[in-house]
Amino acid sequence: MTINKPLRHFIGNAYQSTYHQLERFFQKRLGNRHDASDLSQDVFAKWLNRREDTPVQESRAFLFKIANNVLIDYWHRHQKQEQLQSPMEEEAHLNHAGSVSDDPAEVLNHQQRLQRLYDAIETLPARQREAFVLCRFDKLSQSEIAEKMDISVSMVEKHIARAMLHCKRYVENAVHSEEEQ
């Protein structure tokens, strides 16, 4: 992507004058410094990648308009992540309920579900598996995981969301395969 010199200068000035304001905007709404920094960078990336040829007259107003959209996208991703977590939490609740049946068929069914979940976790890419295990089994917060893995909280969220989606699909596919046999 080639940006002409006057535009590059204009964006550079806007970055210097507005970046910290954007960080404060995000941090106030999210309470998280790492995500605030990531999202502030995203605002400028979206500006640089925009396809419109019309010049931006008021850069600060334009950047905060983008920031609002970035924040909405962030919240939507979190809602989707929470929706993905609920089936996994139900499975975890079933596993820890302590009401192991005396019925051998139920015990076998329970063991098979656990094995499918274990297999799904084993097939995850290494970084996704690490983030997932730290979150679900070691009970670390996302910011603790980010620090431990030396990545942003946003990246931790992506790893966990992808891992959960993978596990959900893996288990569902395994169940469907077994039902077809």
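**Aromatic pairs and nonpolar cores**

Analyst: The model is a predicted one. By the rule applied here, the count comes to 7 aromatic pairs.

User: Why is the pair of Phe25 and Phe26 described as edge-to-face?

Analyst: Planes over 60 degrees apart count as edge-to-face. The rings of Phe25 and Phe26 have planes at 70° and centres 5.2 Å apart, so the pair belongs to that class. Phe25 and Phe26 are both buried.

User: With which aromatic residue does Phe25 form an edge-to-face pair at 90° between the planes?

Analyst: That partner is Phe64, at 5.5 Å centre to centre. Because Phe25 lies in helix H1 and Phe64 in helix H3, the pair ties together parts that are 39 residues apart in sequence. Phe64 is buried, as is Phe25.

User: Which residues do ring pairs link into a cluster?

Analyst: The cluster consists of Tyr15, Tyr19, Phe44, Trp47 and Phe62.

User: How should I read a nonpolar core?

Analyst: In soluble globular proteins, nonpolar side chains tend to be buried together. Here the largest nonpolar core has 19 residues, of which Leu22, Phe26, Val43, Trp47 and Leu63 touch the most other members. Helices H1 (5-30), H2 (33-48) and H3 (59-96) each give two or more residues to this core. The largest share, 7 residues, comes from H3.

User: What does Trp47 touch, not counting residues up to four places away in sequence?

Analyst: Trp47 touches Phe10, Ile11, Ala14, Val56, Ser59, Phe62, Leu63 and Ile66. A second, separate core of 17 residues has among its members Ile145, Ala146, Met164 and Cys167.

Conventions:
Residues numbered from 1 in each chain as written. Predicted model: local features only at pLDDT ≥ 70, side-chain atom pairs only at ≥ 80, totals over all residues. Heavy atoms only, no water. Core = buried A, V, L, I, M, F, W, Y, C linked by side-chain atoms within 4.5 Å. Buried < 20%, exposed > 50% of the residue type's maximum accessible area, 1.4 Å probe, protein only. Helix = DSSP H or I, 4+ residues; strand = E, 2+ residues; numbered from the N terminus. Contact = heavy atoms within 4.5 Å. Phe/Tyr/Trp six-rings, centres within 6.5 Å; stacked < 30°, edge-to-face > 60°.
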